[in-house]
Amino acid sequence: MKALIAFYSQSGCTAVFARKILETFRNGGIECDIELIKPIGKMRPGLKDIEFKGELPDLSGYDLLLLGGPVWAMTINPPLRLWVKRFADLTGKKAALFITLGLPFAGVARGAIKAITEVLENRDAEVLGSAVQPCFFIVPEKAMQKAAENLLKTVQGN
Ligand SMILES: Cc1cc2nc3c(=O)[nH]c(=O)nc-3n(C[C@H](O)[C@H](O)[C@H](O)COP(=O)(O)O)c2cc1C
């Protein structure tokens, strides 16, 4: 199985989570590439149109997409959502999500997970599961490690 980790991070929390996931999945025997989503311009909640730096990656060699980003205004941040929307068809791809948020209640991420899951399922990807990590003032690396291990188990169980 080969995975692409693609994530958006503005203040660095999701980036730390992405690196934990990279290490954990590689140690678990899954070949992984990693890509930071780079929108152009100033990002804010509610944006409907974003340009991105660089080319869209060729997903043909990947079985699994590990997609990460923060909750913004109770939903998924626009850069991740609009980046995924650029792929017209994700038939045959499996996906798993890793989401960070400010509030120390993972349930707050429910709306974000639903929103990005909808985009993925509309493109016929299969969403296997998600990992949610509050980043409240500190970046909780140990908890992220545990969450990355649980996400690996979810993926391996499918
Ligand atoms: C514009 C904006 C909106 C946000 N909205 C929420 C929110 O609705 N709920 C929440 O728990 N955290 C919210 N946060 C906090 C981020 O989700 C949290 O700090 C996240 O870990 C940031 O990830 P990053 O460091 O990878 O950018 C918001 C942050 C920003 C910048």
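Trainee: Leaving aside its neighbours within four places in sequence, with which residues is Ala95 in contact?

Mentor: This is a predicted model, in which local features need pLDDT of at least 70 and side-chain atom pairs count only at pLDDT 80 or more, while totals for chains, interfaces and linings use all residues. Residues are numbered from 1 along each chain as its sequence is written. Taking contact to mean C-beta atoms, placed from the backbone, within 7 Å, the partners of Ala95 beyond four places in sequence are Leu65, Leu67, Leu120, Ala125, Glu126, Val127 and Leu128.

Trainee: Is Ala95 buried or exposed?

Mentor: Ala95 is found in strand E5, strands being DSSP runs of E with at least two residues, and helices runs of H or I with at least four, numbered from the N terminus. A residue is buried with 20 or more other C-beta atoms within 10 Å of its own, exposed with 12 or fewer, and partly exposed in between. Because Ala95 has 25 C-beta neighbours inside 10 Å, Ala95 counts as buried.

Trainee: What distance separates the C-alpha atoms of Ala95 and Leu65?

Mentor: Leu65 is one of the contacts of Ala95. Although the two lie 30 residues apart along the chain, their C-alpha atoms are separated by 4.6 Å.

Trainee: Which residues around the ligand come nearest?

Mentor: The shell draws at least two residues from each of H1, strand E3 (64-72) and strand E5 (94-101). Residues count as near when their C-beta atom, placed from the backbone, lies within 6 Å of the molecule. Of the 19 residues around the ligand, those coming nearest are Ser9, Cys13, Thr14, Pro70 and Gly102.

Technical notes: Two residues are in contact if their C-beta atoms, placed from the backbone, lie within 7 Å.
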